[in-house]
Amino acid sequence: MHKVVIVGRPNVGKSSLFNRLLGKRSAVVADEPGVTRDLKEGVVETEQGRFLLVDTGGLWSGDRWEKKIQEKVDRALEEAELVLFAVDGRSDLTPADYEVAEYLRKKGKPVILVATKVDSPSHEAYLGPLYALGFGDPIPTSSEHKRGLEELLRAIWQRLPVKQMDAEPEVAGIRLAIVGRPNAGKSSLLNAILGEERVIVSEEPGTTRDTIDVEVYRNGNRFVLLDTAGIRKRPESIVEELAIRRSLRAIEEADVVLLVVDPFQVGDRELKLANHAMEKGKPVLLVITKWDLVKKEEAPRVRRELREKLAHLEHLPRVYTSAFTKQNLDRIFQEALRLYQLNHTRVPTAELNRWLGVWTAKVQLPNFKGKPLKILYATQPEVAPPTFVFFVNHPEFVTRAFENYLRNRVGEDLGLKEVPFRLVFRGRRE
Ligand code: GDP
């Protein structure tokens, strides 16, 4: 579900805004231990769809923007797609407002500036100073007088990415292939995972294949680790070629591929495995392991070098972990679930064509001997990977450059750049 987070200094009216947007439905206050205890969450239902609204107001103590609060807001923002930056529309900006603005700028998430307590139109004349925050036009609202809430909801829907990400994992579980070069740390990682989990080994009796798939449960979701026997086999006990064949087979069967990367041994092999997986339509999560070997002060440099070596895989999500310290093991599963859902995104035809209409009106489409390419409409017939079919007047007018441009648009606008979506062009008479 889409996630929208309200951020702003104390007393600007965040929780009134939160309650107003939720309407009568009382806030479903999340009561998870730790992080979310101070966060109020609720589902806002509108005609356009639903989104999760989070109020970070409970994180503040006094009106100091302390590091402790920031860290918690960081976590609240992790999966957020949009921030509502609330400022008091009736009083002067304070240093805390500027600090929050600076923080949000660094975060780089889309922000809507919301002026609160603007009880009457005459108050709107005083909103000029809010432009100094650098987030453009404020949307004037009044929770008390129910003003501006429709406009705000409209703005929210305009800024949220066009996608539905609510695919429920199949009952059979999300199948994960663990692949990587020999000694990358695959079997250690597998052991670290299995060491922590209640494991159900499902060995089909009577089969000659010695593949063993293992089920694990994380956060209420079922995952299946494919061919754990193949991962455990020591390289010296198995010819490399066979090991490769096994990984390729696991990739074919997987929903998500975990590409295990040793931060000190990165190169062509990683690129090849990732490309192979993506050609097969499988999303790839880079699992950088052995992170315990990287000293804290070296981490930024190692990360940078890795990014350079894996430049072609820049768009892929990554988790830094270690089989020894077991840091971030849980994140692997969170990210795998997210990738699974993203790869099952279905963009409704109407929304897809609305999106298409908006940007095709703005750009120059390629020409061929003076005759322009026209995109008539688009559909998404398949998920996993999401496949978009564009019906055009002349498929042969689609240049490589234009296709790349379209790839970027789909990746950015539809929020799909982390998964291997496909584009297909079909001819259709006008
Ligand atoms: P595989 O061939 O990909 O299954 O790799 P292994 O799991 O057998 O690991 C290769 C080597 O890396 C072994 O010597 C492991 O002890 C070491 N190793 C694996 N994971 C880690 C880790 O997280 N931290 C450290 N320090 N060493 C690791």
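Student: Which residue stands opposite V114, and in which strand?
Tutor: V114 faces I139, in β6. Strands here are DSSP runs of E with at least two residues, and helices are runs of H or I with at least four, both numbered from the N terminus. This is a predicted model: local features need pLDDT of at least 70, side-chain atom pairs count only at pLDDT 80 or more, and totals for chains, interfaces and linings use all residues. Residue numbers start from 1 along each chain as its sequence is written.

Student: What makes β5 and β6 a pair?
Tutor: Pairing requires DSSP to find at least two bridges between the strands. Two bridges join β5 to β6, so they qualify. The two strands run parallel.

Student: Why are β2 and β6 called edge strands?
Tutor: The open sheet has six strands, ordered β2-β3-β1-β4-β5-β6, with mixed pairing. β2 and β6 (139–140) each pair on one side only.

Student: What makes N11 partly exposed?
Tutor: Count the C-beta atoms, placed from the backbone, within 10 Å of the residue's own: 20 or more others means buried, 12 or fewer exposed, and anything in between partly exposed. N11 has 15 such neighbours, so it counts as partly exposed. N11 sits in the loop between β1 and α1. Its phi is positive, about 70 degrees, although N11 is not a glycine.

Student: Is D227 buried or exposed, and why?
Tutor: D227 has 23 other C-beta atoms within 10 Å, so it is buried. It too is a non-glycine with a positive phi, about 45 degrees. Its loop lies between β10 (221–225) and α6 (228–232).

Student: Which residues of α1 are buried, and why do they fall on the same side?
Tutor: In helix α1 (residues 14–22) they are K14, L17, F18 and L21. They cover an arc of only 100 degrees around the axis, which puts them on the same side of α1. The arc is taken over the directions from the helix axis to the C-beta atoms. An α-helix has 3.6 residues a turn, so residues three or four places apart point the same way.

Student: What covers those buried residues of α1?
Tutor: The cover includes β1 (2–7), β2 (40–46), β3 (49–55), β4 (82–88), β5 (111–116) and α4 (149–159). Contact means C-beta atoms, placed from the backbone, within 7 Å.

Student: Which peptide bond is cis, and what is its omega?
Tutor: The bond joining A384 and P385 is cis, with omega about -5 degrees. P385 lies in the loop between β16 (375–382) and β17 (387–392).

Key: Two residues are in contact if their C-beta atoms, placed from the backbone, lie within 7 Å.
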